[in-house]
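I opened this structure today to see what sits where. My notes follow in the order I looked things up.

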Amino acid sequence: MARLVFAPVAAVALVGAAVACSSADDSAAGDTVAVGSCVEVTDNAVEAMTATLGDCSSATADYRIVRTGAAPLTCAADNATFDGTVGTTETGLCLAPNFAQGSCYADAGTRPATAIDCTAPEATFKVVKRIDGETDELLCDMDATQFRTVPDPKTTFCLAKP
């Protein structure tokens, strides 16, 4: 009888240990700079770029990481190039927009655009509509003067002057 009691107890202990290890690894993964994670760019100065990791559903997480590597990176033309610090990690990143509908940004060429008040003179565009799950500029309304599409995850940004 003793063998039958110990075998199920040992099996439960092993499953519990595996779940605990898996949970610890999952929570740590949320704090790493990785493709698919989102960042809020807090400073896009050429020599002093900084960002913090953020929740991709947050209006402040304005970019999604599409590539990581040692700085400086050469990114695709439709991605912003980030060479700086995320938290305490020095890194190079290629970033795809994760702009929030209704928010305004100051374009910075190949560097990440920064979120800015729509009344600021530096504001160069406003996201008048964000369409998740689609990459089709024809879905933009007449008030949009430009558009930007992202292939993964599929997103269309309809843009206008602030």
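Predicted model: local features only at pLDDT ≥ 70, side-chain atom pairs only at ≥ 80, totals over all residues.

I began with Lys129, which lies in strand β8. Strands here are DSSP runs of E of at least two residues, helices are runs of H or I of at least four residues, and both are numbered from the N terminus. Leaving aside neighbours within four places in sequence, I found Lys129 in contact with Gln101, Leu139, Asp141, Thr156, Phe157 and Cys158. Contact means heavy atoms within 4.5 Å. I also looked up Gly102, which is 27 residues from Lys129 along the chain. Their C-alpha atoms are separated by 7.2 Å. Lys129 counts as partly exposed, at 25% relative accessibility. Buried means under 20% relative accessible area, exposed means over 50%, and partly exposed is in between (1.4 Å probe, protein chains only).

Residues are numbered from 1 along each chain as its sequence is written, and side-chain values use heavy atoms, with hydrogens and water left out.

**Salt bridges**

How many salt bridges does the structure hold? I found two. The term needs a side-chain nitrogen of Lys or Arg within 4 Å of a carboxyl oxygen of Asp or Glu. Side chains of opposite charge can pair when their charged atoms come close.

Lys129 came up again here, with its side chain meeting that of Asp141 at 3.6 Å, N to O. Asp141 lies in the loop between β8 and β9 and Lys129 in strand β8, so this pair ties together parts twelve residues apart in sequence. Asp141 is partly exposed, at 44% relative accessibility.

The side chains of Asp132 and Arg130 form a salt bridge too, at 2.8 Å, N to O. Is Asp132 buried or exposed? I noted it as exposed, at 52% relative accessibility. Arg130 is partly exposed, with a relative accessible area of 23%.

**The whole chain**

Next I stepped back. The protein chain has one helix and ten strands. Along the sequence the pattern reads α-β-β-β-β-β-β-β-β-β-β. Of the 162 residues in the chain, 31% are buried. I also checked contacts between residues at least 6 apart in sequence, and 47% of them join residues at least 24 apart.

**The core**

I then looked for the largest nonpolar core. A nonpolar core is a set of buried Ala, Val, Leu, Ile, Met, Phe, Trp, Tyr and Cys residues joined through side-chain atoms within 4.5 Å. The largest one has 21 residues, and Val39, Tyr63, Leu95 and Phe99 have the most contacts inside it. At least two of its residues come from each of β1 (38-43), β2 (49-54), β3 (63-69), β4 (80-86), β5 (89-97), β8 (125-132) and β10 (154-160).

What does Phe99 touch? Not counting residues up to four places away in sequence, I listed Asp62, Tyr63, Tyr105, Ala113, Phe125, Val127, Arg130 and Phe157.

**Pockets**

A pocket is found on a 1 Å grid over the protein atoms alone: it is an open set of points where a 1.4 Å probe fits, with protein on both sides within 12 Å along at least five of seven lines, and its lining residues have an atom within 4 Å of a point. Points are joined across faces, edges and corners, and the volume is the space filled by probe spheres set on them.

The largest pocket holds about 410 Å³ of space. Its lining has 23 residues, and Asp107, Gly109, Phe125, Arg148 and Leu159 are the closest to its centre. β4, β7 (111-116), β9 (146-151) and β10 each supply at least two lining residues.

The second largest pocket has a volume of about 150 Å³. I counted 14 lining residues, with Val66, Ala96, Val150, Pro151 and Asp152 nearest its centre. β3, β5 and β9 each give two or more residues to this lining. β9 gives the most, with four.

**Two last residues**

Asn79 is in the loop between β3 and β4. Asn79 is buried, with a relative accessible area of 18%. Beyond four places in sequence, Asn79 touches Val66, Cys94, Leu95, Ala96, Thr110 and Arg148.

Gln146 and Ala160 are 14 residues apart in sequence, yet 6.2 Å apart in space, C-alpha to C-alpha.
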